[in-house]
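Hi everyone, thanks for coming. Please have a look at the sequence and the model on the screen, and I'll talk you through a couple of its pieces.

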Amino acid sequence: MPVTARPMVAVEGVRRTFGHGSAAVHALADVSFTIQPGELVALVGKSGSGKTTLLNLIGGLDRPDAGRVVVDGREVSSLGERGLVELRRDVVSFVFQTFGLVPVLSAAENVGVPLRLRKLPTAVREARVELLLDLVGLRAHSRQRPGELSGGQQQRVAIARALANSPRLLIADEPTGQLDTETGLAVMALLRAVVQAEGMTAIVSTHDPLMIDVADRVIRLTDGHLTQPDPPR
């Protein structure tokens, strides 16, 4: 029998409810799917469909009420605090709709923050930052601060920063939500390129159907329920 690669992400029967009684909100109801290594998956659904809740569970920012989440062979839903810190340091990285850049730091300094936290040698850190800024097309803007960059450029810096520690899984929650359509499509194309260049897996949430064309596969959520996943492209 052929050897099947271990999924990068396995979500199994996950439920998540907020509140109690008549005020309870069932954010996710019995959601199950897998994502294979190297896939770029678009997580699609309207606002309030459960996309952010699901991404938070995958990234270890929240825990399910039932079911389990496994990332790169680690059962995220049962990790202790130390295990979660290691997961977010070594395996998973995030890109958010709000860019979250440090205003007083240059683009290069923002990208280098995770590398400083790991206390890498200066030469190694600077070489990695230069490579990442090249990858996102911003080498010429390395000394500019966020306020001197466009929204699309700021999101590119945020993507480069998310890649600093060479994550195996990139989670992007509505990364084009604050961008115009043209810039948003460019950012999605960039995510496609960096997934290939860095050899990683990515799951990107969006409510904009125009943003899904670059994905390998689409997973759709409606009111916390998984609808029939689109087949691989």
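This is a predicted model: local features need pLDDT of at least 70, side-chain atom pairs count only at pLDDT 80 or more; totals for chains, interfaces and linings use all residues.

Residues are numbered from 1 along each chain as its sequence is written, and side-chain values use heavy atoms, with hydrogens and water left out.

Let's begin with helix α4, residues 122-135; helices (H or I, at least four residues) and strands (E, at least two) are DSSP runs, numbered from the N terminus. Which residues of α4 are buried? They are R125, R128, V129, L132 and L133, where buried means under 20% relative accessible area, with a 1.4 Å probe and protein chains only. They cover an arc of only 130° around the axis, so they sit on the same side of α4; that arc is taken from the directions from the helix axis to the C-beta atoms. Just after α4, G137 has a positive phi of about 75°.

Now for strand β8, residues 201-206: 6 of the 6 residues are buried, so the rest of the structure largely encloses this strand. T201, I203 and S205 point one way, while A202, V204 and T206 point the other. In a regular strand, side chains alternate between the two faces of the sheet.

And the neighbours? β3 (residues 40-44) pairs with β8 in the parallel sense over 5 bridges, pairing needing at least two DSSP bridges, and A42 stands opposite V204. β7 (residues 169-173) also runs parallel to β8, joined by 5 bridges, with L170 opposite A202. Thanks, everyone!

Definitions and conventions
The expected span of a helix is 1.5 Å times one less than its number of residues. Buried means under 20% relative accessible area, exposed over 50%, partly exposed in between (1.4 Å probe, protein chains only).
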